[in-house]
Amino acid sequence: MADKLIIFDTTLRDGEQSPGASMTRDEKLRIARQLERLRVDVIEAGFAASSNGDFEAVQLIANSIKDSTICSLSRANDRDIARAAEALKGANRARIHTFIATSPLHMEKKLRMTPEQVLEQARQSVRFARNLVGDIEFSPEDGYRSEVDFLCRVIEAVIHEGATTINVPDTVGYAVPELYGNFIKTLRERIPNSDKAIWSVHCHNDLGMAVANSLAGVKIGGARQVECTINGLGERAGNCSLEEVVMAVKTRKDYFDLEVGIDAQHIVAASRMVSQTTGFVVQPNKAVVGANAFAHASGIHQDGVLKARDTYEIMRAEDVGWTANKIVLGKLSGRNAFKQRLQDLGVSLESEADTNAAFARFKELADRKSEIFDEDILALVSEDNVHGDSEQYAFVSLAQHSETGERPHASVVFTVSGKEVRGESDGNGPVDASLKAIEAHVKSGAEMVLYSVNAISGSTESQGEVTVRLQNSGRVVNGVGADPDIVVASAKAYIAALNKLHSKADRVAAQG
Ligand code: KIV
Ligand code: ZN
C-alpha cells in the first residue's frame, strides 16, 4: 500500500505572517472550517503565545474543529509551550510545534547563544512539551543553512525526548530541489533514531522553488509531511502552495506513489476565501487556482480539447472545484434552492438569521443582476457582508456625481451604532470622494495601504469586489465589499475595514 503524505496547512500561522494578511479570530475560524472540509490533516492555527488574539484564535479553532489535528507554534521555552498547550486543551487531537534556530548565523546574531546552549534548550523544551501533549513537532529554524553534524545532534536529541515529527525548514527559500532532497535524505540516514519520527518539509518561495523543493524533500528525502499554505500565502514570496503540491502528488501518482487525504473539490473555494479575506489577489496564471489555469484561448488548443480533453488538460477543472461560470440561480429562485447552493459550495452559515440575511441580500442582487454565478453567492456570504448589520458602522446608500472636467462629489449615508448619518466630500474620482465622505464623519485617521478591485465573474456586468486595507496605530485590517456598482463596493469595503479597526480584538501577527 502507498504511504500517506500528511498535509500540514499553515495558512493561519505562517501565511498570516505576511504583512497585511492579518485575520480576525472569526475569519480564521471560517478558514479553518474550510480547511477541515478540504480534509487537511494538520491545521497550524496560530502562535498562541504571540498575542491574546492569537491565543483566542487557536483556542476557538481547537474547540470547533473536530476532524483535523490542531497545532500551535511555540518558541522553545516553557512559557510559550505552556500557553500553546492551554490554547489547545479543547482539541480532539492537539499538536505543539516548537522551534529554535540552528544555523550558525541565527544562533550567533539573532539568538546570541552557543550551539551547546541551543542544543540544551531544544532538548529541554521538547521534554517539557511532551509532558503536556503527545504529538510534538520540532523545527530547527533555518535548518537548511545549518551545519549538518550539529543538526544531526539536535535532531537525535529531540527525537530521544519524544518529538514525533521533525520538520526541516528552508526558512529563507535558499534551497534547490536536488540539494534539499539530498539534505533530508542525509539527515535521515545519519541520525540513528530517525525512524522514530515522521519527517516534514517546510519551504519558502524566495527563488520560486518552494513547491519543487518540497516535492524533492518527499521524493528524494523520504519526507512524509508537507507544510504549505492556500495560494502559497506567506511572508516575502510566500510558502509552498497547498493546491500545487496536492495536485502534483495526485496527478503524478505514477511517480510519487503516495496517498493524500485532501478532498480537492474544495480547493477553489478555499483559495477564494483566503484571497478575499486577506486581499491578496491570485494571479490569473497561477497553477490550479488562477482564473486562466484551465482556459484554452488558442484555436489549436480549443479544437484539441473539444476532440479529446486530455490532449491539453492533465487535470479536470471540476475536480479542484471550478464550476463552469454557469448561471446557478436567478430572481425566481427560492430560499431552499439558495440554501442548497450554499451547501454545494461548502458554505455553512452560523445561524438561521445569517441565512435569512444572506438570502435577502441575494434577492436584492437578483433584482439588479439577471445572472447570478457561484462567485456572486460566495461574495454575498463573505464574512464582511454577513456580519455587516451587527457592526458599529453599516452602509445604507450612496449618491455621487462625476462628469468629465468636474471634480467628483459624493454623499454617503451609513449608520453609526444604528443611527443614520450622512458624510459628504469631493475627491479625485467617485471612489475617492465616497471614501472621503465616510472618513469626514468617522475621522478614523487610518492610512489606506491597499485598494484593489476585482471583477467577480469576469465581465462588466459582474459584481466588483473591492478590498481596502487600513492601518492605524500599528494595526492592519482588510475590508471586503461586493456590489455591481464598484463605488458602492468600495464604500462597503471601507466600512468593513473601519468595523474591524473599531473592534477590540487583538490581532498582532505572530512572528516566527
Ligand atoms: O520558516 C520557518 O523556519 C518557520 C518555522 C517557525 C517552522 O516558519
Ligand atoms: Zn516558515
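Student: Which residues of S5 point one way, and which point the other way?
Tutor: Keep in mind throughout that this is a predicted model. The general idea comes first: in a regular strand, side chains alternate between the two faces of the sheet. In S5, Ala94, Ile96, Thr98 and Ile100 point one way, while Arg95, His97, Phe99 and Ala101 point the other way.

Student: How many residues of S5 are buried?
Tutor: Eight of its eight residues are buried, so S5 is mostly covered.

Student: In which sense do S4 and S5 pair, parallel or antiparallel?
Tutor: Strand S4, residues 69–75, pairs with S5 in the parallel sense, over six bridges. To find your place in the pairing, look for Leu73, which stands opposite His97 in S5.

Student: Which residues surround ligand 1?
Tutor: The shell consists of Arg13, Asp14, His97, Phe99, Ser139, Glu141, Pro169, Thr171, His202 and His204. By type, the shell divides into two nonpolar, five polar and three charged residues.

Student: Which side chains have an N or O atom 3.1 Å from an oxygen atom of ligand 1?
Tutor: Asp14 has such an atom at 3.1 Å, and His202 has one at 3.1 Å too. For Arg13, the distance from a side-chain N or O atom to an oxygen atom of ligand 1 is 3.0 Å. As for cover, ligand 1 has 260 Å² of accessible area on its own, and the protein covers 97% of it.

Student: What are the protein donors of the zinc ion, ligand 2?
Tutor: They are Asp14 through OD, His202 through NE2 and His204 through NE2, lying 2.0 to 2.2 Å from the zinc ion. Along the chain, the donors follow the spacing D-x187-H-x1-H.

Student: Why do His202 and His204 count as buried?
Tutor: His202 has a relative accessible area of 4%, and His204 is at 5%. Both count as buried because the cut-off is under 20%.

Student: Why is helix H8 described as largely enclosed by the rest of the structure?
Tutor: Because eight of the ten residues of H8 (residues 210–219) are buried. Those buried residues include Asn213 and Ser214, along with Ala210, Val211 and Leu215.

Student: Which side chain makes a polar contact of 2.7 Å with the side chain of Asn478?
Tutor: That partner is Arg469. A polar atom of the Asn478 side chain also lies 3.0 Å from the backbone oxygen of Thr278. Asn478 sits in strand S16, residues 475–483, and is buried, with a relative accessible area of 2%.

Student: How many residues lie between S12 and S13 in their hairpin?
Tutor: There are two, and Ser417 in the turn has a positive phi of about 50 degrees. Strands S12 (residues 409–416) and S13 (residues 419–426) run antiparallel and are joined by eight bridges. Within that pairing, Ser411 has Glu424 in S13 as its bridge partner.

Student: One last item: where does Glu375 lie?
Tutor: Glu375 lies in helix H15, residues 374–380, and is buried, with a relative accessible area of 11%. Its C-alpha atom is separated by 18 Å from that of Leu332, which is 43 residues apart from Glu375 along the chain.

Conventions. Residues numbered from 1 in each chain as written. Chains lettered and ligands numbered in written order. Predicted model: local features only at pLDDT ≥ 70, side-chain atom pairs only at ≥ 80, totals over all residues. Heavy atoms only, no water. Pairing = 2+ DSSP bridges. Helix = DSSP H or I, 4+ residues; strand = E, 2+ residues; numbered from the N terminus. Donors = N, O, S within 2.8 Å, 3.2 Å for Na, K, Ca; no water. Buried < 20%, exposed > 50% of the residue type's maximum accessible area, 1.4 Å probe, protein only. Near = heavy atom within 4 Å. Polar contact = N/O pair within 3.5 Å; in protein donor to acceptor, adjacent residues only side chain to side chain. Areas by Shrake-Rupley, 256 points an atom, 1.4 Å probe, with all protein chains shown as cover. Nonpolar A, V, L, I, M, F, W, Y, C, P; charged D, E, K, R; others polar.
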